[in-house]
Amino acid sequence: MTEPAELILKHHAKIRKNHRLQMILQTLLDRNGMSRVNIARLFDISREVVTRYADQLLEAGLVVEAEAEESARGRRPVLLKVNPALAYTFGIDFGHDTGISAVLLDLGDRVLAREEADLPRSVHWKEKAKLAAELCRRLLARTGISREQIAGTGVSLSGILQLNQGVVVSSSQFIDQFELPLAPLLKGELGVPCHLVNCSHLAAVIEHRWGAATGMRDFLAIGAGLGTGIFANGKLCRGHQFSAGETGYLQLGFSNQTDDDGRYGTLNALVGSSFRRTRERYRQITVNRLRHDSPDGPPIEVLLQFAEEGDPLATQLSTEGFEVLGRALVNLAYIFNPEAILVPSFCKTYPAHTLEVLRRVMSHYGAAHWHLETRVLPAAFDETKYAEGAALLPREGLFADSPDSVFGFTGK
């Protein structure tokens with residue numbers, strides 16, 4: 001049991017001594033509620049025992065009853081859910097540009113308040129971290145929640161992270177700054193445990209809990225930056241150094257552009273080359289139409305908007321890029337055999353230039369009469385959901401280790 005859980009249960013001696021009750025609490029938290037019947041089945045206990053446990057938890061105010069949102073047939077079952085006001089968590093997202101977002105989430109997945117701020121990317125990491133902590137303090141002031149009610153902080157950002165130490169090895173959010181003890185600093189500022197997560201991994205967790213992958217056990221979620229969250233058997237696969245899913249480094253062919261690791265023909269290089277050419281070729285044809293400060297050219301969504309308007313050059317270049325991405329999806333499908341591969345949410349706005357291209361290339365998967373099938377679907381959410389998703393991290397193993405744990409991180 002974690003230190004925050006010890007505080008929550010300090011007046012409930014019987015529950016603190018009963019590991020099975022703690023497991024039930026954790027399971028209700030992980031699954032956002034269960035019926036008594038399903039609790040009995042999962043823990044292989046009689047309904048009488050479940051009734052006794054439920055009465056104990058209800059009397060202690062640790063759980064509440066709620067109707068299920070839907071039912072396969074007949075009357076909707078009554079669910080037991082962890083009391084949403086039992087504790088709260090902070091979620092922080094260091095955005096890809098200059099933004100910092102912070103939310104306060106209750107244990108019922110409800111966002112009580114949100115705060116946002118902007119700082120230049122060149123600002124020292126400690127200044128950014130202290131601003132993030134200040135946003136969290138503002139959340140407490142706005143809601144009247146006390147620090148003692150906070151179970152922890154989750155932080156989302158890109159890059160290579162040492163999760164056990166809470167260290168950011170490198171990240172595009174902190175330019176030319178390395179080996180940053182971000183989690184220890186935030187823990188010192190806020191006085192609660194702090195945990196980091198790569199935003200590509202977090203995106204998959206968000207889709208699994210709230211979005212397009214709800215109910216799936218095996219799927220991939222590819223972000224706009226080509227990082228991938230991998231779910232296998234209902235668990236997030238993060239690798240032994242927590243850096244799995246760097247799909248952009250798949251070597252697919254040849255290009256004149258080298259990647260960060262010195263190789264030619266990676267997905268990063270091939271897709272990036274296609275979109276970089278957009279800027280160069282548009283400069284020759286219609287300079288005034290396409291103005292963007294990025295040296296890599298316009299955002300992909302600008303290109304897709306032009307393609308949607310019928311611009312032939314934009315259509316050609318977007319098709320080239322998504323055909324390359326499609327080849328990567330086929331490779332990933334053969335390796336993981338997922339139920340679905342989720343692609344960035346903006347694809348649903350421009351399906352003819354994204355989803356249809358990807359699905360056409362994906363038709364090669366299992367074409368040798370193997371009856372293989374992997375769907376290509378748009379994600380339900382984008383990066384604006386990351387702070388909310390990060391607030392799920394402190395719940396991991398809050399009351400007990402759980403088979404429903406998805407983050408699978410250690411060092412709590």
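Which salt bridge do the side chains of Asp109 and Arg209 form, and at what N to O distance? Select both residues in this predicted model: their side chains meet in a salt bridge at 3.0 Å, N to O. Asp109 is found in the loop between β5 (99-106) and β6 (111-118), whereas Arg209 belongs to helix α8 (residues 199-210); the pair thus links distant parts of the chain, 100 residues apart. Colouring by accessibility shows Asp109 as buried, at 12% relative accessible area, and Arg209 as partly exposed, at 22%.

Next, select Glu115 and Arg138, a salt bridge in which the closest N and O atoms are 3.9 Å apart. Glu115 lies in strand β6 and Arg138 in helix α6 (residues 125-143), so this contact ties together parts separated by 23 residues in sequence. Glu115 is buried, with 15% relative accessibility, while Arg138 is partly exposed, with 34%.

Remain on helix α6 and select Glu134 and Arg137, which lie three residues apart in that helix and are therefore separated by about one helical turn. The two residues form a salt bridge, with their closest N and O atoms 3.3 Å apart. Glu134 is partly exposed, at 30% relative accessibility, and Arg137 is also partly exposed, with a relative accessible area of 33%.

Methods:
Residues numbered from 1 in each chain as written. Predicted model: local features only at pLDDT ≥ 70, side-chain atom pairs only at ≥ 80, totals over all residues. Heavy atoms only, no water. Salt bridge = Lys/Arg side-chain N within 4 Å of Asp/Glu carboxyl O. Helix = DSSP H or I, 4+ residues; strand = E, 2+ residues; numbered from the N terminus. Buried < 20%, exposed > 50% of the residue type's maximum accessible area, 1.4 Å probe, protein only.
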